Amino acid sequence: MSHSAATRDHAKKQPDMIQHRQPSREISSTEIRTHGGESAAERRWQDEMADLVTDPQELLDLLQLAPEQLPQLAAASGLFQLRVPRPYLQRIRPCDPQDPLLLQVLPSAAELQPTPGFSDDPLEEANANPVPGVVHKYRGRLLLIAAGQCAVNCRYCFRRAFPYSDNHLSRSQWQQALDYIRSQKDLREVILSGGDPLVMSDRQLGWLAGELEQIPQLDKLRIHTRLPIVAPSRVNEEFLAWFSRSRLKPVLVLHCNHASEIDEAVASALHKLRAAGVTLLNQSVLLQGINDNADVLSALSERLFAAGVLPYYLHQLDRVQGAAHFEVSDARARDLIEQLRQQLPGYLVPKLVREIPAEKSKTPL
Ligand code: SF4
């Protein structure tokens, strides 16, 4: 089959949801229910995604928090929308405005203060965007921005101002992105990123994995995701099936910042992934008031390991506008890592890194 014929054939097989997806808007429950033949497990996580808490007033009511902060909370949510899955909310202590899980998702007045040295594109990804949907900065691997939204909006997110609408892929742009990947002969690994790629349906993801499997130079498929942490029902049979049976070695890099994020349901989901042969790593972000404490980080590493996950990176915050109040100094970060070395075996001490624009890999601190 000629390349152009193959391309046309791939296009014909491409699921409608990918062709017409609008990542920058809410996933409507009507839209996600249009798939035929989905299992109850598939519908459960999609129902959870269609029922996120997005109303600041509802969040305050559910957690029995004082209403005085509502105006500023609503203003910050206007800049970067409040989004929290209900299973995650259940792990937040009611009546505790300092709960470390709450602080990761609660819009705050501090986000409204512009801070010198912080920007909307701290990693300068716009300069490494050769075709829509592709961020290619590192040798041998690249990011495919597979989805333009997440299940949760983390207030410190470095992509909180990322132009997802420019990277929303039309049918021809999906082909353009795949053609770019085919043309890069030294690539070994594609990293599905976003947003959170696991907001896509398994039908979409299975199609994409099938396309990538046919690119001979690839041998690994990595997914960066927070969804199994915030809504563990996402780890269903359909997902396990397409991900673990791929020719490409499956690697899942989770994003978990605190041991309290891993309840029994999350641990069970992670064990299923391990049992399916998926390599599980975790990256955390060092966040003031949330996990900038050696005992908290140590508990996180132990909890991750008990669930079958190795701590991989501890990131210094990417300096995105609106997140300055989460920043921890490099000196304190190094001191925390030193304390962890004294408390934990080496394989449970994550690498402390910062991502610097134009550097060819993450920079160890
Ligand atoms: S899950 Fe990751 S990409 Fe999504 S909002 Fe949180 S930090 Fe950003």
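What share of the 365 residues of the chain count as buried? The share is 40%, where a residue is buried if 20 or more other C-beta atoms lie within 10 Å of its own, exposed if 12 or fewer, and partly exposed in between, with C-beta atoms placed from the backbone. This is a predicted model, in which local features need pLDDT of at least 70 and side-chain atom pairs count only at pLDDT 80 or more, while totals for chains, interfaces and linings use all residues. Residues are numbered from 1 along each chain as its sequence is written.

**View 1. The largest nonpolar core, with 85 residues.** Such a core is a set of buried Ala, Val, Leu, Ile, Met, Phe, Trp, Tyr and Cys residues joined through C-beta atoms within 7 Å. The members that touch the most other members are Leu142, Leu144, Ala151, Val152, Tyr156, Val190 and Val199. Helix 10 (residues 202–213) gives the most to this core, with 5 residues; helices (H or I, at least four residues) and strands (E, at least two) are DSSP runs numbered from the N terminus. Leaving aside residues up to four places away in sequence, Val152 touches Arg83, Val84, Pro85, Tyr88, Val105, Arg226 and Val230, a contact being two C-beta atoms, placed from the backbone, within 7 Å.

**View 2. The surroundings of the ligand.** Around the ligand stand Cys150, Val152, Asn153, Cys154, Cys157, Arg159, Gly194, Asp196, Arg226 and His255, each counted as near if its C-beta atom, placed from the backbone, lies within 6 Å. This shell divides into 4 nonpolar, 3 polar and 3 charged residues, with Ala, Val, Leu, Ile, Met, Phe, Trp, Tyr, Cys and Pro taken as nonpolar, Asp, Glu, Lys and Arg as charged, and the others, Gly among them, as polar.

**View 3. The cis peptide bond between Gly194 and Gly195.** Omega of this bond is about 20°, and Gly195 is placed in the loop between strand 3 (189–193) and helix 10. Most peptide bonds are trans.

**View 4. Positive phi at Gln64 and Cys95.** Most residues other than glycine have a negative phi. Phi of Gln64 is near 55°, and Gln64 lies in the loop between helix 5 (56–62) and helix 6 (70–79), where the residue is exposed, with 10 other C-beta atoms within 10 Å. Phi of Cys95 is near 65°; Cys95 is found in the loop between helix 7 (86–89) and helix 8 (102–105) and counts as exposed, with 9 C-beta neighbours inside 10 Å.
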